[in-house]
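Thank you all for coming; I would like to take a few minutes to walk through one model with you. Please have a look at it first, and then I will go through a few of its features.

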Amino acid sequence: MAIDLSKIPEFYRGYFDPETTESVVELLVKSREDFTYLLNTFSNKKAEFRYAEGKWSVKDLIQHIIDGERIFTYRAVRFARNDRTDLSGFEQDDYVANAHADKRDIQDLMAEFTATRNSTILFFESLNEADYQRTGTANGYGFSVEVIGYMISGHLIHHLKVIREKYL
């Protein structure tokens, strides 16, 4: 990965592994497999666990990952198509509070995640090098399409670590 982390907003830097040699698509596939493998060990009851008052459940985390991926991919689509419109941010806590994830079956959430990730992979596979290098602005920060692709996987990998550390 040839991404200059100094150009990435501080709060996103933890989503990037500068040592990776995997392409955006390879990392999207690998992180999908890792996430699916781990989450297949969760029952509905286990996925509703919150490790502290006010913290998200695993179901909330899955829905958050789905919502975030949709938004990040939407941004990548806009930038890849050379849309120069500045895009707004989103408040993740508001999204989780209004998603009602704990009322859903974990298998339904995982099916939605898989469908979303498969769509993301197909999109990134369709891009050429010029598309990957196009840029745009979201939430006041500039990003390339390539950076967003790595960010999508990094976001998932970050939450995999949180699940392993706090929920197992």
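Predicted model: local features only at pLDDT ≥ 70, side-chain atom pairs only at ≥ 80, totals over all residues.

Residues are numbered from 1 along each chain as its sequence is written, and side-chain values use heavy atoms, with hydrogens and water left out.

Let me start with strands β1, residues 135-138, and β2, residues 141-144, where strands are DSSP runs of E with at least two residues, helices are runs of H or I with at least four, and both are numbered from the N terminus. These two strands pair in the antiparallel sense over 4 bridges, pairing being called when DSSP finds at least two bridges between strands, and T137 has G142 as its bridge partner in β2.

The hairpin formed by β1 and β2 has 2 residues between the strands, and N139 in the turn has a positive phi of about 55°. Most residues other than glycine have a negative phi. N139 is partly exposed, at a relative accessible area of 39%. N82, which is not a glycine either, has a positive phi of about 65°; N82 lies in the loop between α3 and α4 and is partly exposed at 44% relative accessibility.

Now to the pockets, each an open set of points on a 1 Å grid over the protein atoms alone, where a 1.4 Å probe fits, with protein on both sides within 12 Å along at least five of seven lines, and lining residues having an atom within 4 Å of a point. The largest pocket is lined by 21 residues, with Y15, W56, H64, Q92 and H155 nearest its centre, and α3 (58-80), α4 (92-97) and α7 (145-166) each supply at least two of the lining residues.

Which residues lie nearest the centre of the second largest pocket? They are Y15, F16, D17, G154 and I157, out of a lining of 14 residues, to which α7 gives the most, with 5 residues.

Technical notes: Buried < 20%, exposed > 50% of the residue type's maximum accessible area, 1.4 Å probe, protein only.
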